[in-house]
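Let's take a friendly walk through a protein model. Please keep the picture at hand as you read.

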Amino acid sequence: MTGYHLATLRSLLQTDEIITPGSPDYQPSSQTWAANKHANPSLVIRPTSTEALSKALAYLYTTDLDFAIYGQGFSSASAKDVLVNTSKFNDFRFDAQAEVVTIGAGQTWSDVYRKLAEAAPEYGIVGARTPCVGVAGTIVCGGYSWVSSEHGCISDPNNMLDAQVVKYDGSVVWASEEPELLWALRGGGGGFGVITQVKLRVFPYPQSIWAGPILVSRERLQEVAEGIASFLLGPINPKITMFLYVVKGRLLESIGSDEDMLVIHAFDANGEEHGRSSFKWALDIPGAVDQSKITTLAGVANLQDKTGMVKGSMKQFWQPLLLKEITKDHVIKAVEWFDGIQEIDATLGDCTYLIFELLSSRDPVDGISSCAWPRAPGAKHILLLGTGCPAEADASKEQLARDLAIKAPAQVLGADTDINVLPNGLEDYHDVIEVWGPHVAKLQDLRKRYDPRLRFKGAINTS
């Protein structure tokens, strides 16, 4: 980046809005989740007002500088020249009469949960399950919540009501004034401007949620797989969901465990008695360790508050899959796949994710055309497969991790299975048709309108 560009940005911003590589704020303000995607930007700018962001963005757009928009880093956005950090957009306003919160889009969901608990402790929100991820990035990627089986994705029209956007020319608009823009922001993969605020629906929600880990020996895989399959056969209350984690190494600590076991994370907003009955199949497995407790929605999210500790420590490749059903064979084959990575290379095995997120989705309330991400009708479950290697690993291990990720869906689900990929965790080997399907053409047209020079780094390009 030339001295001219730096001087111009300094003239548009305050001193405390500019972060150079020598600053102690540089690394935490630019670190990507996947170490391989960190581009070591020459400069980080962190505007503290919409006006400052507008001026800087309008200037950057006219240049040939490589820039990217960064919230909390979990989408691994980066750039060679300038990274625009939006974390100072962290306001929060609760409208009790309308049951709506207006929140700064650059903050984490942990911030949102904490502020909502202070302002309206009897209320819940469709917010991310991982508390350290950012608001805006979650919304443009659809966004799943502990309450998604009941209320849908974060980006669905019944949840995400509006968003303030700084457009490429620096103009500021509430997206509801331009309905196609609002539609595109609802899971469209980004690239339509910079979201600074969002309006989200909140609602009264139970504050005595039974949730937490149930640890089961790996030797009990067959019983866990059979239990999950039977559990999914019966009618299930929409206030129930669950995860199954299989991880090793540092990733164990990131989910709050220090034992190499199968981790069943239960959630039942109907309370403890109902939860223990619903998950009796897991609690009754011989040797099961019950670490569940009664907590709030914010408390459930905070059970995963250590996730951010591994940020930037691995080169990572994802396969985030949306499924209509989870079978006993799926569970067993997925664990066999996971163990197979460990046998190929133990350092890769320690950086590999396998997470089943059961009952984590529902069809959009207003139909698949109501938001940019249509998602497969009838899909209820997520299977997250992720391979990786330590950040310091050489290029050959990085390539191996990438190749293993590409092959993973076919190895776990079968070569003939239709693959539905989630917008979050999108990689360069994914086909956007697998994500946005019938909406690709419309999103390409909107990219041309809202990003005519293709300067933003959206998931969908115009060709």
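## Cysteines, core and helices

Cys-351 is buried, with a relative accessible area of 6%; buried means under 20% relative accessible area, exposed over 50%, and partly exposed in between (1.4 Å probe, protein chains only). This is a predicted model, in which local features need pLDDT of at least 70 and side-chain atom pairs count only at pLDDT 80 or more, while totals for chains, interfaces and linings use all residues. Residues are numbered from 1 along each chain as its sequence is written, and side-chain values use heavy atoms, leaving out hydrogens and water.

How many disulfides does the structure hold? There are 0, a disulfide being a pair of cysteine sulfur atoms within 2.5 Å. Here are two of the cysteines:

| Cysteine | Relative accessible area | Nearest cysteine sulfur |
|---|---|---|
| Cys-132 | 17% | Cys-141, 15 Å |
| Cys-351 | 6% | Cys-389, 6.6 Å |

Now for the core. A nonpolar core is a set of buried Ala, Val, Leu, Ile, Met, Phe, Trp, Tyr and Cys residues joined through side-chain atoms within 4.5 Å. The largest one has 124 residues, and Trp-109, Ile-228 and Phe-267 have the most contacts inside it. Helix α13 (residues 328-344) gives the most to this core, with 7 residues; helices are DSSP runs (H or I, at least four residues), numbered from the N terminus.

Helix α8 (residues 221-233) packs against α13 with axes 8 Å apart, at an angle of about 145°. Axes are lines fitted to C-alpha atoms over the stretch in contact, and angles run from 0 to 180 degrees between N-to-C directions. Contact means heavy atoms within 4.5 Å. Among the residues making this contact are Ile-228 of α8 and Val-331 of α13.

How values were computed
Helix = DSSP H or I, 4+ residues; strand = E, 2+ residues; numbered from the N terminus.
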